[in-house]
Amino acid sequence: MFFDRPTLVRSARVAPLAGAFLLLAAAPPPLRPPSDDVLREATALVEAMKTSERGPYRRIAWFCNDGTVQPPVPYACRDRGGGRQHAEYSTDRERLAELGFPVGTIFAALPWTEVWEPERRHLRLRQLVLERYLVAADDGWVLRQARWYRGRVQIEDEESAGRDLLIQLLARTDWVRSDFLLAREATRAIPHHGGEDRTRLLRRLAEDIARIDSAFQPLRIKIHTSPEPKDAASVRDWTSAARKRGVADDVVAQADSLITVIESLYSDQGRAERLAQYRRRLARSKSDRELATRLAALEGAPLAARLPQLAGLLRDLRRTVEASTDGERNVRLLDLSLELESLLVADAFTRLSAESASRSDLAELARVLADGTYGVGLLSEGERDEVTTALAALPPDGSTSSEAWLEAARVLRRTGTWSLGAVRWTFAEPLAQWGALEPKATRFPDDLLRSSPALALGEVTRAFVADAESVAGTPHRVFETAAPNLVGLNPGVAVGRLRVADPDEVGNVARDEIVVLRRTVSELSPVAGILTLSEGNLLSHIQILARNLGIPNALLSRDAGARVTAADGDSVLLAVSSAGSVVLERWADVPDSLRNALTR
């Protein structure tokens with residue numbers, strides 16, 4: 001609902017509320033999900049596949065180059081022009097594909113014409129990315145038992161077919177330039193003997209452990225929101241205690257794997273080994289020797305110098321790939337881009353965990369991370385330039401110029417929306433379709449964004465905005481008292497009962513409640529408003545939930561949080577303006593004129 005500004009400023013006491021009603025324009029209507037009949041049938045097929053030892057497959061067979069299918073006996077295709085051996089899709093899988101959900105993809109059996117379909121915005125390719133995400137994030141999903149079905153795929157054939165597919169895709173310059181994020185995510189998802197996605201592996205291991213043992217939950221939150229080198233020691237401490245508590249050996253083994261991933265991302269030795277490996281590959285190609293030299297400059301460089309170098313490499317790799325018709329080279333460069341993304345995210349959080357940054361430091365770090373976020377396809381060139389222009393207008397000595405500071409903060413706030421918008425636009429149809437079938441699919445944007453430089457940019461933005469508001473004196477108020485250091489995350493206005501909820505209570509909150517969360521949760525029902533005490537990143541999971549559902553959301557300071565939690569059960573008004581100011585008032589203290597306007 002929208003309100004007219006003059007109505008809101010009749011009382012000077014509620015003037016800070018005025019901006020909260022200048023809400024974002026309504027988003028376009030959601031895509032139409034599959035019908036109930038389709039979902040019922042598809043859900044039954046998927047659930048059966050999860051428990052079947054063959055999953056979406058019928059049998060193992062030879063697929064010969066003469067078009068025949070032969071039984072799995074040695075040399076079945078020798079006199080038929082050769083061929084490949086892999087699983088054959090079951091009739092249930094074929095029916096599921098007819099319903100719009102092609103699962104259990106075998107790349108050795110995937111024809112080019114099924115992937116290259118510009119008339120449908122390459123829907124099958126976008127579905128592939130989401131399918132691979134579900135398999136990785138949901139314990140195999142439809143392959144839960146079939147992962148152990150011997151012979152279902154031959155990894156060499158899968159990687160060879162995947163590489164051929166990527167080379168064809170990435171040679172199409174016009175498509176890569178117009179759909180860079182999809183091209184890059186396809187490179188991440190399609191098997192081709194490329195690199196390993198350590199940043200996402202880090203998040204998934206932490207999430208899997210916390211799902212089994214709730215004692216790991218604080219560490220999961222820490223690793224998901226602000227990872228840093230010392231997390232390896234924290235996981236070791238947890239592992240020692242877990243063994244004494246009798247936690248299952250396989251869970252402890254996952255924790256050991258998590259320690260290895262943390263060290264590979266953050267240790268100097270792990271970084272040097274991976275950079276040297278890529279440098280040697282690039283040095284073999286004359287066209288890539290300059291890149292090899294730039295990688296060599298990263299080895300041993302101090303953190304302050306390495307961050308802009310990494311972001312600059314990501315930026316230039318995007319521009320190179322978008323201009324090149326050499327599909328094979330583009331596969332190589334996007335593999336490097338994925339590796340450098342992991343290093344940039346790790347370095348950015350190492351920098352953020354160090355001593356407090358000055359205003360000039362924050363501005364420079366924001367510029368660097370905007371470059372990196374553009375480089376991975378989450379910002380357009382125009383969006384990146386808008387950030388760069390706003391930051392360039394700041395006084396070079398970091399002195400307080402409230403107008404320039406607030407303008408830069410305003411632009412930086414938008415980067416979270418821009419990044420989320422890029423993911424939603426790219427994967428709109430499969431998210432609407434597959435999300436209706438499997439709710440875990442809706443977590444894909446969260447997973448992508450929070451493994452990217454956009455997460456670190458969101459953390460810098462939070463600190464930048466808080467400082468900008470302190471410079472400009474942006475008004476925040478909690479129960480008729482000024483409350484500095486609040487952060488308005490998602491604009492909107494809500495009236496409801498204040499509810500302080502523990503994580504295990506969020507499934508029982510009511511739609512008309514304004515919920516105070518002591519720490520982040522993985523799921524949350526629609527509510528009237530959200531106040532968070534633990535996480536203020538523009539790309540925190542709670543914030544993405546709030547933005548998806550159009551829920552006003554704000555981060556409370558420690559002092560304000562104590563006052564708010566003491567008001568548990570009171571009826572309140574929460575207003576978050578598009579400029580970031582936050583007002584929380586008891587409903588009984590809201591002027592009658594405003595109450596009437598809100599309840600009309």
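At 6% relative accessibility, Glu117 counts as buried, where buried means under 20% relative accessible area, exposed over 50% and partly exposed in between, computed with a 1.4 Å probe on protein chains only. The model is a predicted one, in which local features need pLDDT of at least 70 and side-chain atom pairs count only at pLDDT 80 or more, whereas totals for chains, interfaces and linings use all residues. Residues are numbered from 1 along each chain as its sequence is written, and side-chain values use heavy atoms, with hydrogens and water left out.

Glu117 is located in the loop between α4 (112-115) and α5; helices (H or I, at least four residues) and strands (E, at least two) are DSSP runs numbered from the N terminus. When neighbours within four places in sequence are set aside, Glu117 is in contact (heavy atoms within 4.5 Å) with His122, Leu123 and Arg124.

Helix α5 comprises 15 residues (residues 123-137), and its end C-alpha atoms are 21 Å apart, which agrees with the 21 Å that the helix should span at 1.5 Å a residue, the expected span being 1.5 Å times one less than the number of residues. Just after α5, Asp139 adopts a positive phi of about 55°.

A nonpolar core is taken as a set of buried Ala, Val, Leu, Ile, Met, Phe, Trp, Tyr and Cys residues joined through side-chain atoms within 4.5 Å. The largest such core has 109 residues, and those with the most contacts inside it are Leu125, Leu295, Leu340, Leu391, Phe444 and Phe464. Not counting residues up to four places away in sequence, Phe444 touches Val129, Leu130 and Tyr133, as well as Arg200, Val423, Phe427 and Leu431. A second, separate core of 23 residues includes Ile209, Trp238, Ile259 and Ile262.

Two sheets are described here, with strands taken to pair if DSSP finds at least two bridges between them. In an open sheet of three strands, the order is β2-β1-β3 and the pairing is antiparallel, with β2 and β3 as the edge strands, each pairing on one side only. Two bridges join β1 to β2, and the bridge partner of Trp62 in β2 is Gln70.

The structure holds one disulfide, defined as a pair of cysteine sulfur atoms within 2.5 Å. This disulfide is formed by Cys64 and Cys77, whose sulfur atoms are 1.9 Å apart, and with -80° about the S-S bond the link is left-handed. Because Cys64 lies in strand β1 (residues 57-64) and Cys77 in the loop between β2 (69-70) and β3 (83-89), the pair ties together parts that are 13 residues apart in sequence. Both cysteines count as buried, Cys64 at 8% relative accessibility and Cys77 at 3%.

The other sheet is open and is formed by nine strands in the order β5-β4-β12-β11-β7-β8-β9-β10-β6, with mixed pairing. Strands β5 (481-482) and β6 (487-490) stand at its edges, each with a single partner strand, so one side of each is left without a neighbour in the sheet. Three bridges join β6 to the antiparallel strand β10 (residues 553-555), in which Ala554 is the bridge partner of Gly488.
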